[in-house]
Amino acid sequence: MIATLLVVLQVVVATAITPLLIGVMRQVRARLEGRIGSGVLQPYRDVRKLLAKEPLRAEGSSIILVAAPLVLLVSSLLVVALVPLVTTANIPAVPNDLFVVVSILLIGTVALALLGLDAGTAFGGMGSSRHMMIAALVEPTVLMSVYALSIPVGSSTLSKIVVARGADVTRVVTPAGLLAVVALVVVVLAETGRLPVDNPSTHLELTMIHESMILESAGRDLAWLEVGSWLRLTALLGLVVNLALPWGLADSMQPLALLVAVVTLGVKLLVAGGVIAAAEVFMAKVRLFKVPELLAGSFVLAFLAVTASYLAG
Amino acid sequence: MNASLTSSIVTTAVGVLLLTAVLQTWRRSTAASVRLLVVQGLALAGLVAALGASRGDAQLLLVAGLVALVKAGLLPWALGRTATGRLVERDSGVRPALGLLGAAVLTMFAYAVSDPLRGGDQSAAARALPAGVALVLIGFWILLTRHSAVSQLVGFVVLDNGIAMVAFLTSDGLPLTVELGATLDVLLVVVILRALTTRMRDTHGGTSVDDLTELRD
Amino acid sequence: MTVLLWLPVLVPAVLGALVAWRHSDAYARYVPLAVALVILTCGVVLVAAGTIVTSSVLRADAGASYVLLCIGAVAVVALWGGLSSTSLGGRGESLICAFLAAMSLAVLSDNLGVMWVAIEATTIATAFLVGHAGTRGATEAAWKYVVLGSVGVAIAFLGVVLVYASGRAGGSPTLSWVALTSGNLTLSPHLARAGVALAVLGFATKAGLAPMHSWLPDAHSQAPAPVSGLMSGVLLSVAMYAILRVQAVGGAHIGVGLVHGLLIAFGLLSLAVAAFLTLTQRDYKRLLAYSSIEHMGIIALGVGSGTTLGLTAALLHMLGHGVVKAAMFVVAGRVLNVTGSSRIADVTGLLKRRPDLGWPFLVGSAALLGFPPFVTFFTEVAILVALTQAGLWWAAGGAALLLLVTFVGIARQVLGMTVGAPGTQDHAGDHSLVDDPPRWFRTAPVAIALASGAVVSFLALVFVPVLGAAAAALGVAR
Amino acid sequence: MTAVGGLVTVLTLTALAILLAFAAPPRYRSVASGGASMGIGIAGVFTGIAGITSVPQAVLVVPIAIPGGLGIDPLLLSPTPLGGVFCVVVGAVGAIAALYGIGYAHGPAASRTGWSAFAVFLLGMLIVASAGDVVSFLLGWETMAIASTVLLLADHAERPAVRTAAVWYAVMTHLSFLSLATGFALVASKAHSTTFTQISAAQITGPTGIAAFLLLLIGFATKAGLVPLHVWLPRAHPEAPSHVSAVMSAAMVKLGVYGIILLVGSWLPQVARPFAILVLALGVLSGAYGILQASITSDLKRLLAYSTTENVGLAVTAVGVGMLLSNAGQDAVATIALVAALLLVVSHAAFKTVLFLGAGTILHATGERDLDRLGGLIRSHPVTTWTFGIAAMGAAALPVTSGFAAEWTLLQALVHGDGRANTTLALALPVTLGLMALTIGLGLLTFVKAFGMAFLARPRSEAAATPAPEFTSKPGSAAMGVAQAIGALSVLALGLAVGPLATAFSSVLGYSGIITSELGGLRLVTIGVLDPYALGLVAVGLAVPVALLVLVLRRRVPRRETDLAWGCGGVRTSPRMEYTATSYAEPLVRVFGEALRPTRSLEVSHHAEDHVLEHRVAFAQEVSDIVEDRWYAPAAVWLRVAGDQARRVQNGSIHRYLAFSFAALVLVLVVVTLP
């Protein structure tokens, strides 16, 4: 029961903090690029605006147009519920196993890809194709990083990994652990459509990946899509920061611990988001067919992490 | 009949048989080959008769008569008979020198392989055994190298003579029923082949077995 | 009982002579079938009796009875099936009778010499049957058949002579198989060795084993369908039976290593020849002929393994292959009648065009390729096991590889002929005879043959004792 | 029902099905004979269950004409627990496919031959799964081979492509049979018996064992469609009638896996130990290669065929992982890997059946199986869309389908294998995981493509725009939809029932480290828990507020229809501008160009007036199977050349023939002279 409440809290907090994270990232970027920016609260206003607009339905599109955004949103919420962000507690029977988390992320990925195909436009299909290719190529790195992280702990359950890392600092700074986290960072960038894999703020259809799949969506459909995607970023970024700095998570209902946990999460997330945004300023999107090289590189890092864990451990 | 006479008759007959066989690999005229067959048949009959006389075996003498009748009479007659009455054709086989060389090699081979078969038996008959094997091989060689149907038949008869020779030399011939059956079979085979030769002339316009290459893969 | 020994020899001989005399008679066509039924009946009764019957030079033990049964069964299929499609003009029928008589004699004789005479007589009887069509091809085939067959069998005769001569060492030369295998005789080992080897080589010619197989594709493809069926279905097996008899003589005196070595070599070579010549085969009757070479190779491997399992399976394979192959030649003959061509390329879409021919052809091919439930499947597996039992794993492996190549060839050609769209029109319709027998009468023999090829596999109650006894009679006493 | 009773029922129903195929009037033939075939499948399921649960095993002995005691024993049918699992798979797939076939079969597939062969096909597979000895195993093997060849030829036998496919299939099948027969011959002669119990008891080792192991592995790998022996699959599956493809892919191919499990687990365990890496490599490579080919093909059924290679590859991967772990003494995890193998088998059977049936419906409706010419079927074919969608989720291993549960279990086995003490494991496990992850990722793409291209967007051809209706007035037409629905439900049910399923499989394998967790999920002791129900509950819990929000918004802001999609402005794009399956896979062809070796041609023709302006650009790209091109095509050429050369043996010259005999004579004379 307590665990359930903790998880509910985690979902609420993460959902609430997510637009802020996006706002901060945009604002950091704007400032670094010499723009004033629209303020860190703009994403909240965007969502409110979208929810009030009437959704459109293009000719040739199907139920997918309505369903896919919802599936993405729910899958993202589910991921947020499973990943240890605020708390390391989890609902007893529900495994926050990393393989399960990855699979649930993939549901969202598939929903987006199908959405891209639904209207039968050239751009949608293109985005969907690129999106799935990247998803397919990211998969080995994801699972390999999970593998590397699970070896020292003997489990692929996320909360166990985080707790174990928090309990013993030497586990965090092992070469294997570092390699795995770096690989995971690349994965997160690719999965969430950040530079250098995808440019979330592009307006040129031919370079789009994520954006071109949601071209047909409007109103609340678009809102679900935006929030769903943001939540993915929160969950994955939160996971990475908690793996890298596995401290401050709550495992009980003590108000103080909870407060600490929420604040710690907020700080860690916003800082990490700011760093990413700052880095993006100095980065250009790589060519689509350079992406596999990037992913191959991160795969090699993860692979080395695994062998290092075995051979050094 | 004393042993030395038998022995010399046997040796002579074997010599004649082998000689005729070798000559047949040399001569290209089919008619000549058939005439040599008569000589060969007579020599075989003589051999049987000598063996029969030395053993005092009446049945063997009877067989000698049968051999003379079939091998020196019926078979050459059947071979020599043609639609026009006389056989005039020259076989284009391998060159005579090669044919002779083959026969020589085969004779040596026959001696080499037949030696263990004698099993230490030193009688004239046993010593002549390799000649029989040689005759079989030379008969086969004629079959292999000749291109006219009748020449092939000649080769077959030589081969058969060789087998008969081995039979008589090693065991004084087979039981009479078997001997009769075998002789009849050979005679029938030759007759059939002769008839086929005639048909071949109708269908293929000649009797060269080289023309028989339509059935192939 | 002794009458059962004489019936299969004398009935065909007498009836054959009668037909030769009164060949214009309308009933002449049915005489060979009647003869075949007589042989089959005798075979069945002898097998059922299960005792050794002897009379003069004739002798039937379990092995001989079994092969006689095979002759009868295959002859019934081939001749019944051939009734409707082919007329042999009286003389042919009498020759077939002579052929059957010779085969029965070869199987039932106790004397190696008589057996040899009978086998040579089969060549004589079939020579004109092969050349029956009188065409260029038929003449050519007959010539090659007689020359190669006679020369081969002559070599066997040399072998028989040497075996006989080898008995002189023991003082009493004999050709009686019973005496030769009794173990009471002493044979001169060198002569016996040469004799047995040459006899095997000679009879292997008649059995269609490579490298002496060359006459077979020509003869089988040119002969009228029922004759091809008979030759392929049983004549080859009868020659194999002769090899088994010679093997037993060898086994009693000089060991069986030589014979088995030869059989393994011939068997593998036969499989190789069949495999590579079916690959690009263009004539379906020749295809069937090569398949016969393949199956004789399999049987030779079974016997050559030297195990009881191999021998038993080989005997069963003789029956299964014989019956199916006879049916296949009958069907092929009808296909030839319908299409007017024996070229594979000229026959297409048989299943659509003539399902009554296409289906038997397809099913029969499956049987020949060793698919269950046909008995060939069980025997092929058993022979592979037998080969490995004997330590001849390399032969088993080689055989399997060659069987695969054969499969490629046969499957491709047969599928090309049967499935798919019919390409060309029928040549001239079915050359049915004037007194066309009813439809069931035409299809029955093929159907019965194919069905029995499958059913035999599971008739354990009947065949287990029969095969056991036959293998014991033909096997080498140890 | 006891196993023997089940087998007898199966035999009786097979006879009945054949009888009905011939006796029933053509209009009701499919209903009658297909119904009987369905009965065969159901009886097979019961036989399998009896085999899994009954102790001691029931035995049905069928005597054959070859005397016993010489090395060949009578036929012995006795489903073991493991065989029972496969009986159930075969039976269930067969029953569903038969049900579908009642509505689907048309033309030659609905002929007397078609339905008889279908029944015999099921019989053959059930014989294999319940065989207790070598000969009946081979008997079943060949029965299913010939029946499936007939079925393959049933549809469109006029098309040369079908005949080519049939020849490929028949030859590869026969290769499988002959290597099995030879391998079995080796072990049977060593064990002096053909029964599996005797063979296991003989504990064969040594060179014979190794030879037999490799031969049997080749035989099973061929049937299982593992690379590089998979070439028949992408040819045969597309050409067969769809309900037959379903059975071939979902059931028959699995029997290859069955054989491999028996081979390494029961028949030749000692010999198999050093070959664990080989088995693993076969599995992993098949998985990756299969899905790569599947991801780039645009032929729906070919895609499904290659995906079969992938899934079987994963199952064999699991077996290989199990072998490696058991070699390292980590038996608990090893058993989990083997349980994963069985889960993969069962789940693939479920979703691949539905996928092939769905492909059949598409083919039936549009006459097309080229994804480049399909699209928009979600509107006319809702049942097919949703069932195909669920099955595609299974194929993509998304929660909470059966495919997900199975792959999760395998992944757990992989990451819980301890590579610290064992260099082989330390290297093999990560490589396996990496390639498997790539396989999973590409699988996702493949099935998004398949589903998206077939059912979503606008039709890409006239045929797809005017499909035949999903249900017609033909007798049994609804059977198609029902069969697909049952299949799709089973994909979900197997995913939810993973706990009991895995428990049953582990007891089949004689292991007790797996238990069903509180809610019916899967608990791997000391490893982890997968509880689909709990996961589902959380998802529902999260979905409820979202749903409420949507309901509120729907009332306040209605949806507006528009007839324009975005194409750089509101342009009315033609279906020709849509992305196709080929273009969807284009990035992959580029990324994996090294492995796929596509052949490209680009022709540019210029305007007559101006050399700079392009008049027409023609681009063609073809990706063929490089295994086929590199290995099989040369072999085929070699065989043809060999056949042509061999003709010279039989060139018609009697002198040559006589020379053969003469040479044999001379050789024999030499041999007899030698002492």
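Reader: Where is C:Ser56 found?

Author: C:Ser56 sits in the loop between β1 (53-55) and β2 (58-60) of chain C, strands being DSSP runs of E with at least two residues and helices runs of H or I with at least four, numbered from the N terminus. This is a predicted model, where local features need pLDDT of at least 70, side-chain atom pairs count only at pLDDT 80 or more, and totals for chains, interfaces and linings use all residues. Residues are numbered from 1 along each chain as its sequence is written, while chains are lettered from A and ligands numbered from 1 in the order in which they are written.

Reader: What's the phi of C:Ser56, and why does C:Ser56 count as exposed or buried?

Author: Phi is positive, about 55 degrees, although C:Ser56 is not a glycine. C:Ser56 counts as exposed because it has 12 C-beta neighbours inside 10 Å (exposed means 12 or fewer, buried 20 or more, partly exposed in between, with C-beta atoms placed from the backbone).

Reader: And what about D:Gln203?

Author: D:Gln203, likewise not a glycine, has a positive phi near 45 degrees and lies in the loop between α7 (196-202) and α8 (206-224) of chain D. With 14 other C-beta atoms within 10 Å, D:Gln203 is partly exposed.

Reader: Switching topic, which peptide bond at C:Pro211 is cis?

Author: The bond from C:Ala210 to C:Pro211 is cis, with omega near 5 degrees, and C:Pro211 belongs to the loop between α8 (189-206) and α9 (215-222) of chain C. Another cis bond joins C:Pro372 and C:Pro373, with omega about 5 degrees; C:Pro373 is in the loop between α15 (355-368) and α16 (375-389) of chain C.
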